[in-house]
Structures are given as C-alpha cells and as structure tokens.
Amino acid sequence: MSSNRAIRSSRLSFRRQARDSRPVRWILLIALLLLLLGLLCGASAILLWRSQEMMAPVLAAGRQETHGGLYGPASDVGTYAYKLERYRLMRPEILVIGSRRLSTLPGEAFAVTSYNAAGAADSLIELTSFIRDAVALHPPKSILIGLDYWWFHPDAPQALPPAAAEAQSFAAHLTDPLLWLLTGQVSPGHWLGGLLPAGDKGGGIGALAMLNGQGWDAYGRYDGPAADNDEPAGLREVRVAPSPAALKAFTDLLADLNGKSIEVVLMVPPMAASLRASLARDSENRLVPLWRDAIRATGQRVFDFDDAGVLGSSDCEFVDDVTGGEVTYLRALDAIAEFGGTILSQSVDRDLVTSLIGSNTGHKRLVELLPGDATPEALYRDSDCDKGL
C-alpha cells in the first residue's frame, strides 16, 4: 500500500537544527562582548571618579593646599598651570625652576619657604614664560634656574605649545584607564586594587597618585618613580652652535629680573657619568662648550654640576642618566650653601642637609621621605647599587 507521506532523512533534520543554532551562538557571543565592554567601562568610570583624574590643575593645586597629599595625574598636560597656582598660593621666598630633571630636589632642604616648579618648563620659552608669570604674581627673593643645553639648540621649540584643549566630557575619557594599563603607567595589581574600597594607595589627586602613590608633593618635588624616563629630545644633537636668538631671549630675562632686584642663581644640573662619557666621545660637540661660555658670560652666579663627581655623587644616586636623585640635589644645595654669598645659600638648612646626606649616601631617594609601605628597593637605582657595588 502506497503512502503520500514524504520520507525525511534524520541526518538532514539534524544538520538543519545545527545550522539554526548558529544565530543563537552569535547572539550569545555579542551579548558576552557587550557585557565585558560594559564591565570595563564601568571599571573605567569608577577609576576616573575615584582618582579625580579629571580635576582641573588649578583646582587640584588649591585642594592640595588644604588637604595635602600628592598630585599625580596620568597626563602632564596641566603641569604648568598646576605649578603656577601652587606658587601663587605658597608665595615663597625661593623659587626653583627647570625641567623634570630637577623634580627630585626636596623643598625640605630650605629653612625658608620655597617652591620647586620643576616640570613646568620643557623648553626655554616655557621657562621664561613661567618665570615672568610667577614674578608678576609674587616676586621671590631668589630664583634658582636649572638650565638644559638642548633648550638652546637652533631647532629647539621657540614657541609655547598649543594651549590645553577644553575639558572633554566624562564619557570621552572612559578609555583612559585602559590606556594606563596597556602602556604600563599602572600595574594590573594596582589597577584592579583601585576598584576596591581600600584601594586608595596614595590618597591624592590623579590616577598615579591614587593607584601608584606617586606625584607632586606640596613643595613641588616628584614623590615616587619618575613618570617619564625617556631621554629628552635633542640631548645628543650637539654638533651645532647655540641659537643666538635663544641666548638673547635668556639674557633679556636675566636683565628684567636684575632690574627687579631679584637674585638669580644659575645651575647646570648633574648628569650621570656614563652619559657624560658618551657625549664626551663626540669630537664635534660644539653646542655644550659654546653654551657654557655664553652662560658664564651673562655675569650671573653659575654652579656647574654637570659632573656629579665634584659633588661626591655616584651614578647610584641618580634616578636615570639625566635626572639626579634626592641625595644628589641635596649635595648640590650643600655646595651652593658652602660657597656662600647669596640669599639662596643662606636659605639652605645645612644642618638638616648634612644629616640627610650622611644617612642616605648611595641612595637615589631619602629614606626619611619614603612612604611607610615602600619596599627597600625604592632607595636604590638598580640591584648593583643595592649591593653597594
């Protein structure tokens, strides 16, 4: 007896069911990705909010004045504005100004009010601009200027960088915490720890302050690992003569300050012996010797500490090849004080400085300024220095 029913293969039916399940798997995968994205965005929002990373630099300077702590944003775009506002609030007798090479100079070394504006100037134009702005707010008694020879290179920036863009919306910064993690600014452990109620490591303002415990202290010193260890642009481009325009701009600044009866002391910051030896091997180095001659010709008091050996400082006391550590700069201030004859030299607390140098020889940091949870390795530049070699 014949049948009109179609006979269907069970194998075909099985394959059709398998094909029909693919959209479901894609939906689940997309849902999972959206969930992960949502969790990451949520975590980023928590970190941005808890770290106060988006606080305006001027507001951060005022908050530090009343609440203390460190100011350590992941971005240094607002350093100039932050440092200028801190200077305005402190109205110090002594102003220290230079690039980040001076960021480890501790304000505690002075017996009078002082502020270290290191990091506010990455070029000669920024240096002169900051000093003029600062003096207009409050004329200090003395200014210690740390000079970098590459600022006087003919191709060095001769204009202020573009003004910082207006603050973006909170949503526009949601990817920033992921970048901190991917670029190594923040370790995975600190990043995850920052999401916990007890994860406020630094108690300050900004991602690096909260998560890593590093940033600018109230005196202007950078507390903690250096935020940027890259070699300065132009450091090794020395086969040219200094820019006449740059030298004139600098001498004009000095004339203005002298006319206001503000003492100016110039300093060539110390450099690690290994880097100095590398630069000395370049027989066509014209920039550095000619620049030195020009700086001395200004008639200002100049302390040339390029060779840290004259201070009794070893490479172990450096943060990196171009940045002396806290002990190195205490040695520099002690040498300035010993020479005497200036308001600056009379303002150094030599008893304190001598004591700190004696208890920290061979360290890049002062044990007295380390946070309580710092590891012993924080005192040393590398393992060889740790072993006292």
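Predicted model: local features only at pLDDT ≥ 70, side-chain atom pairs only at ≥ 80, totals over all residues.
Side chains of opposite charge can pair when their charged atoms come close. In this model the count of such salt bridges comes to 23, and one of them joins D282 to R239, with the closest N and O atoms 3.1 Å apart. Because D282 lies in the loop between α10 (273-280) and α11, while R239 lies in the loop between β5 (222-223) and α9 (244-259), the pair ties together parts that are 43 residues apart in sequence.

Turning to the inside, the structure holds 1 cavity of 30 Å³ or more, and the largest cavity has a volume of about 50 Å³. The residues that line the largest cavity are R101, L147, Y149, V268, P269, M271, V288, W291, R292 and D306. Among the contributors to this lining, helix α11 (residues 287-296) gives the most, with 3 residues.

As for where E377 sits in the chain, its place is in the loop between α14 (350-360) and α15 (383-386).

Note on methods: Residues numbered from 1 in each chain as written. Heavy atoms only, no water. Helix = DSSP H or I, 4+ residues; strand = E, 2+ residues; numbered from the N terminus. 1 Å grid on protein atoms, 1.4 Å probe; cavity = no way out; pocket = protein on both sides within 12 Å on 5 of 7 lines; lining within 4 Å. Points joined across faces, edges and corners; volume = space filled by probe spheres on them. Salt bridge = Lys/Arg side-chain N within 4 Å of Asp/Glu carboxyl O.
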